[in-house]
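Here is a walk through the structure shown below. Keep the view open as you read.

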Amino acid sequence: MIVTSALIIWKALMCITGSESPVVVVLSESMEPGFKRGDILFLHMNRDPIRAGEIVVFNVDGREIPIVHRVIMVHDRKDTGEVDVLTKGDKNDVDDRLLYVHGQLWLQRHHVMGRAVGFLPYVGWVTIIMTEKPIIKYILISALGLLVITSKD
Amino acid sequence: MHSFGYRANALLTFAVTILALMCAMASVSDNFNTPTPSAQVQVLNINWFQKQPNGNDEVSMTLNISADLQSLFTWNTKQVFVFLAAEYETPKNSLNQISLWDGIIPSKEHAKFWIHTSNKYRFIDQGSNLQGKEYNLTMHWHVMPKSGKMFADKIVMPGYRLPEEYR
């Protein structure tokens, strides 16, 4: 019941926001002081054009974890409707070309998973702790399992 | 019924609900703010204007940027990210947005500022379209709350023009 509810909520969020990953946890300090490790971001993806200043979540080929950075340059093609985007973390000194695939100069629309529209501080620490200390994750899962088994509801 | 576990669960659920409600109310209260920011930019000098070996034009310029963004701050505001972008159209691209300068304003006291600087990011065209090009300078800001929804807006300042010749 709990698992099913969580799954339904997640899928509903995916439908509403139009993004594969409607909520992400900030894992690094590259966007400080705006976003710190442990903040969670709410994402939205729609047909609106990507514009400079927006905080986007994007995938780089060959990297597992999406990156949350700010757009600093946009070139919107006239004929094809494609867009070339350059990003940078607020705290970083250089743009993100070093993070892209070698030789790639721009992100395109298909790399972008969503844009940040809101956030909550600190809430994501649970996820980070569980990821970095697997033993805690197993303890929590065992405890929850035990609760479910012994529950008289 | 009324076991310790039930009571702890109910208390925790209630606490988290109240916390979420407080965050939502804090975020919603930002909608009642009606900001009236102002901004002004002068291009004092074109330091450098050349075509790169790869064929793209590049410009370096000295800017005088002044702005009063104090009205963007509410009690829920953590910071304001402000940046200045050059925006123009070329035969190939319907919109080019190049960020020239950006800054993070941590508090209301810092929100009225005057800055004399050259462009922080390289102003490089995708091509060789900048000679004599007219462009807008647009000041954008993104208001980051302590929690909740982020807001963005801008002031468009038209009428800037690059030189006809390289220098």
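This is a predicted model: local features need pLDDT of at least 70, side-chain atom pairs count only at pLDDT 80 or more; totals for chains, interfaces and linings use all residues.

Between domain 1 of chain A and domain 2 of chain A, the count is 3 residue pairs in polar contact. On the side of domain 1 of chain A that touches domain 2 of chain A, 4 residues are nonpolar, 1 is polar and 1 is charged.

Now place those two domains. Domain 1 of chain A covers 1-121, and domain 2 of chain A covers 124-152. Their centres, taken over C-alpha atoms, are separated by 28 Å. The contact uses 6 residues of domain 1 of chain A and 5 residues of domain 2 of chain A. Together the two domains of chain A bury about 470 Å², with 63% of it on carbon and sulfur atoms. In domain 1 of chain A, Val25(A), Arg37(A) and Gly38(A) lose the most area to domain 2 of chain A. These three residues account for 78% of what that side buries.

Next, move to the interface between the chains. Here 28 residues of chain A are in contact with 30 residues of chain B. Chain A and chain B bury about 2400 Å² between them, and 55% of it is on carbon and sulfur atoms. On the chain A side, His75(A), Lys78(A) and Phe119(A) lose the most area to chain B. Together they make up 23% of what that side buries.

Lys78(A) also takes part in a salt bridge. Its partner is Glu89(B), with the closest N and O atoms 2.9 Å apart. Between chain A and chain B the salt-bridge count is 1. Polar contacts across this interface number 17 residue pairs.

Which strands of chain A each supply at least two residues of the side that touches chain B? They are β4 (67-77), β5 (83-88) and β6 (112-120). The largest share, 7 residues, comes from β4(A). By class, the side of chain A that touches chain B holds 13 nonpolar, 4 polar and 11 charged residues.

Stay with β4(A). This strand is joined by 5 bridges to strand β4 of chain B, residues 93-105, and the two run antiparallel. To find the pairing on screen, look for Val74(A), which stands opposite Gln97(B) in β4(B).

Finish inside chain B. Domain 1 of chain B spans 1-31, and domain 2 of chain B spans 34-159. Their C-alpha centres lie 41 Å apart. The contact takes 6 residues from domain 1 of chain B and 8 residues from domain 2 of chain B. The two domains of chain B bury about 550 Å² between them, 48% of it on carbon and sulfur atoms. Ala26(B), Ser27(B) and Asp30(B) supply 71% of the area that domain 1 of chain B buries against domain 2 of chain B.

How many salt bridges are counted between domain 1 of chain B and domain 2 of chain B? The count is 0. Polar contact, however, is found for 5 residue pairs between domain 1 of chain B and domain 2 of chain B. The side of domain 1 of chain B that touches domain 2 of chain B has 2 nonpolar, 3 polar and 1 charged residues.

Methods. Residues are numbered from 1 along each chain as its sequence is written. Chains are lettered from A and ligands numbered from 1 in the order in which they are written. Side-chain values use heavy atoms; hydrogens and water are left out. Domain bounds come from an automatic or database domain assignment. Contact means heavy atoms within 4.5 Å. Buried area is the accessible area (1.4 Å probe) that two parts lose on being put together, summed over both. A polar contact is a pair of N or O atoms within 3.5 Å; within protein, one must be able to donate a hydrogen and the other to accept it, and residues adjacent in sequence count only if both atoms are side-chain atoms. Ala, Val, Leu, Ile, Met, Phe, Trp, Tyr, Cys and Pro count as nonpolar, Asp, Glu, Lys and Arg as charged, and the others, Gly among them, as polar. A salt bridge is a side-chain nitrogen of Lys or Arg within 4 Å of a carboxyl oxygen of Asp or Glu. Helices (H or I, at least four residues) and strands (E, at least two) are DSSP runs, numbered from the N terminus. Two strands pair if DSSP finds at least two bridges between them.
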